[in-house]
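Subject: Handing over a structure

Hello,

Here is the structure for you to pick up. Please look it over before reading my notes below.

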Amino acid sequence: PHHPPPRSAAHVRHSPNTMTSSTLFLACSLLLNLLLFVTLVRQPSGENLGLAIAPSTMRTTGHFAATRPLDFHLGRDMQVEAFRGKAKTRKAAAKRYKVTSTGKVFTKMAGKQHLNTKMSRKQKLALSRKRQVEAADIPNVQACLPHVKVK
């Protein structure tokens, strides 16, 4: 006897009038988001503020979060200032970078950790010196060392 192969879920056709659970979930979440947006934009007195931002969206990510001021203007005379917390030094960066009194940042040169038996003494000695950090990397160093004055 010949048996037909089992049909997969891709072969099952739904009628256009039936709603799947994912479609229903998306519709409900859209309605809830719309309701949340309407309640955020309007004050309790019914006066329209224009722009409203939920506190959960006021966060910023990355190293620069602690160094930049953050103010949101929510209409005519309503302002929210986000609390950033204490600016903390990244200890790994503090061990790798040294800042001079003039504000220059120095670090070790790369390439002297291993595989250097083929190098001459002159090459290894040159790699022992400190090098100045490039200007493009200074903002990253400043974000990792918030209490140091870097030029």
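What share of the contacts in the protein chain with a separation of 6 or more comes from residues 24 or more positions apart? The share is 44%. Contact here means heavy atoms within 4.5 Å.

Some ground rules come next. This is a predicted model, where local features need pLDDT of at least 70, side-chain atom pairs count only at pLDDT 80 or more, and totals for chains, interfaces and linings use all residues. Residues are numbered from 1 along each chain as its sequence is written, and side-chain values use heavy atoms, with hydrogens and water left out.

Now the overall layout. The protein chain has 4 helices and 5 strands. Along the sequence they run α-β-β-α-β-β-α-β-α. Helices (H or I, at least four residues) and strands (E, at least two) are DSSP runs, numbered from the N terminus. Of the 151 residues, 15% are buried. Buried means under 20% relative accessible area, exposed over 50%, and partly exposed in between (1.4 Å probe, protein chains only). The accessible surface is about 13000 Å², and carbon and sulfur atoms hold 60% of that. Areas come from the Shrake-Rupley method with a 1.4 Å probe; for residues, only the protein chains shown count as cover.

Next, the core. The largest nonpolar core has 8 residues: Ala 93, Val 105, Val 133, Ile 138, Val 141, Cys 144, Leu 145 and Val 150. Helix 4 (residues 138-144) supplies the largest share, 3 residues. Such a core is a set of buried Ala, Val, Leu, Ile, Met, Phe, Trp, Tyr and Cys residues joined through side-chain atoms within 4.5 Å. Leaving aside residues up to four places away in sequence, Val 105 touches several others, among them Tyr 97, Arg 131, Ile 138, Val 141 and Val 150.

Then the surface. Leu 31, Leu 34, Phe 37 and Val 38 form a nonpolar patch with about 410 Å² of accessible area together. Leu 31 sits in helix 1 (residues 21-41). Leu 31 counts as exposed because its relative accessible area is 58%.

Last, two loop residues. Ala 110 lies between strand 4 (105-108) and helix 3 (121-128). At 66% relative accessible area, Ala 110 is exposed. Ala 110 and Arg 131 are 21 residues apart in sequence, yet their C-alpha atoms are 9.6 Å apart. Thr 100 is in the loop between strand 3 (98-99) and strand 4. Thr 100 is partly exposed, at 32%. From Thr 100 to Lys 149, 49 residues along the chain, the C-alpha separation is 9.3 Å.

Best wishes

How values were computed: Patches are made of residues with over 30% relative accessible area and no salt bridge: like charges are joined within 9 Å, nonpolar side chains (Val, Leu, Ile, Met, Phe, Trp, Tyr) within 5 Å. A salt bridge is a side-chain nitrogen of Lys or Arg within 4 Å of a carboxyl oxygen of Asp or Glu.
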